[in-house]
Amino acid sequence: MIGKIIGGVLGFVVGGPLLAMLGVFIGHMFDKGYRNQARMASPEQQAIIRQCFFETTFTLLGYLAKADGRVSEDEIAQTEQLMTQMGLSPDQRRVAINLFKEGSAADFNPEATYSQFRAKCGNNRNLVQMLLSYLVNLALADGQFDANEERVLREVAAALGISGFAFEQLLRMIKAQHSFSAGGGYQSAGGGQSRAGDLDNAYAALGVESSATDAEVKKAYRKLMSQYHPDKLAGQGLPEDAVKAATERAQEIQVAYDIVKKSRQ
């Protein structure tokens with residue numbers, strides 16, 4: 001805000017109303033850049049965030065896996081795949097397994113986990129979305145989306161500051177984006193019904209309706225690609241494995257955008 005005020009005043013003094021408007025715009029860009037810089041965590045903060053994200057992820061994965069009453073082999077395989085992608089050392093793997101078991105215990109209370117995440121990761125929406133993305137992928141691991149799993153996901157989202165409406169939109173986007181991942185069910189060729197389904201998912205993956213204008217589609221695409229930019233996420237303290245996952249999510253978004261663009265040509 002201060003940038004807008006200074007820019008507007010200086011612009012008016014130098015060149016009147018026209019330059020005042022230009023000054024306000026430049027000041028706005030300064031404010032935006034300053035906020036982005038302020039969001040960049042220090043190395044110490046990044047280390048704290050990485051550790052908190054690691055602990056929260058595996059604890060809540062266990063909590064979600066037990067939501068339907070039992071931990072399935074598919075959910076265990078999905079969690080083990082995540083450990084492999086993270087390149088965990090044997091000691092780290094043991095810690096992750098213990099956290100998963102802790103979260104899946106019958107008497108587990110997630111409130112302390114939520115509280116720790118809010119305290120150490122703040123209100124960083126990107127971190128919350130990446131955490132929910134991991135959890136949704138686990139829920140989809142067995143090919144079914146159980147009502148109890150959805151209940152837990154809603155609980156997690158609400159506890160971490162995501163409104164019900166925002167969760168619904170985020171869930172649709174993540175599930176649709178998942179369909180464009182390797183092995184997620186996307187078919188680049190095939191019958192008309194398959195292509196129609198791909199297009200519906202593509203719009204959902206971008207978070208827009210099929211009635212959106214070209215400009216609105218492009219704006220949504222650019223916003224998502226900026227959100228999953230690896231340098232920005234790394235600067236906010238997201239662990240390296242999560243940055244890689246964000247890069248994969250960006251590739252899924254790119255596929256979805258390409259499908260929408262092609263359909264409009």
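Predicted model: local features only at pLDDT ≥ 70, side-chain atom pairs only at ≥ 80, totals over all residues.
Me: Why are α3 and α4 called roughly antiparallel to each other?

Reply: Look at the angle. Helix α3 (residues 73–86) and helix α4 (residues 90–104) have axes that cross at roughly 150 degrees and come within 11 Å. Angles over 145 count as roughly antiparallel, and α3 and α4 are therefore placed in that class.

Me: Which residues make the contact of α3 and α4?

Reply: From α3 come Thr-79, Glu-80, Met-83 and Thr-84, and from α4 come Arg-93, Ala-96, Ile-97 and Phe-100. Sorted by class, the contact of α3 with α4 has four nonpolar, two polar and two charged residues.

Me: What makes α2 roughly antiparallel to α3?

Reply: The axes of helix α2 (residues 43–65) and α3 cross at roughly 170 degrees and come within 10 Å. The cut-off is an angle over 145, so α2 is roughly antiparallel to α3. The crossing in which α2 passes α3 is right-handed. On the α2 side the contact is made by Phe-54, Thr-57, Phe-58, Leu-61 and Ala-65, and on the α3 side by Glu-75, Thr-79, Leu-82, Met-83 and Met-86. By class, that gives seven nonpolar, two polar and one charged residues.

Me: And why are α6 and α8 called oblique to each other?

Reply: Helix α6 (residues 125–139) and helix α8 (residues 164–178) pack at about 55 degrees, with their axes 10 Å apart. Parallel needs an angle under 35 degrees, and perpendicular needs 65 to 115; α6 and α8 are therefore oblique. The crossing of α6 past α8 is right-handed. Among the residues that meet here are Leu-132 and Val-136 in α6 and Leu-170 and Ile-174 in α8. The contact of α6 with α8 has six nonpolar, four polar and two charged residues.

Me: How many aromatic pairs does a search of the whole structure find?

Reply: The search finds four aromatic pairs.

Me: How do you know that the pair of Tyr-221 and Tyr-257 is stacked?

Reply: The ring centres of Tyr-221 and Tyr-257 are 3.8 Å apart and the planes are at 5 degrees. Centres within 6.5 Å make a pair, and planes under 30 degrees apart count as stacked, so this pair is stacked. Tyr-221 sits in helix α10 (residues 214–227) and Tyr-257 in helix α12 (residues 240–263), 36 residues apart.

Me: Are Tyr-221 and Tyr-257 buried or exposed?

Reply: Buried means under 20% relative accessible area. Tyr-221, at 14%, therefore counts as buried, and so does Tyr-257, at 8%.

Me: What makes Ala-106 exposed?

Reply: Ala-106 has a relative accessible area of 82%. Exposed means over 50%, so Ala-106 is exposed. Ala-106 lies in the loop between α4 and α5 (111–121).

Definitions and conventions
Residues numbered from 1 in each chain as written. Heavy atoms only, no water. Axes fitted to C-alpha atoms, helices over the stretch in contact; angles between N-to-C directions. Helix = DSSP H or I, 4+ residues; strand = E, 2+ residues; numbered from the N terminus. Contact = heavy atoms within 4.5 Å. Nonpolar A, V, L, I, M, F, W, Y, C, P; charged D, E, K, R; others polar. Phe/Tyr/Trp six-rings, centres within 6.5 Å; stacked < 30°, edge-to-face > 60°. Buried < 20%, exposed > 50% of the residue type's maximum accessible area, 1.4 Å probe, protein only. Left-handed = near helix turned anticlockwise from the far one by under 90°.
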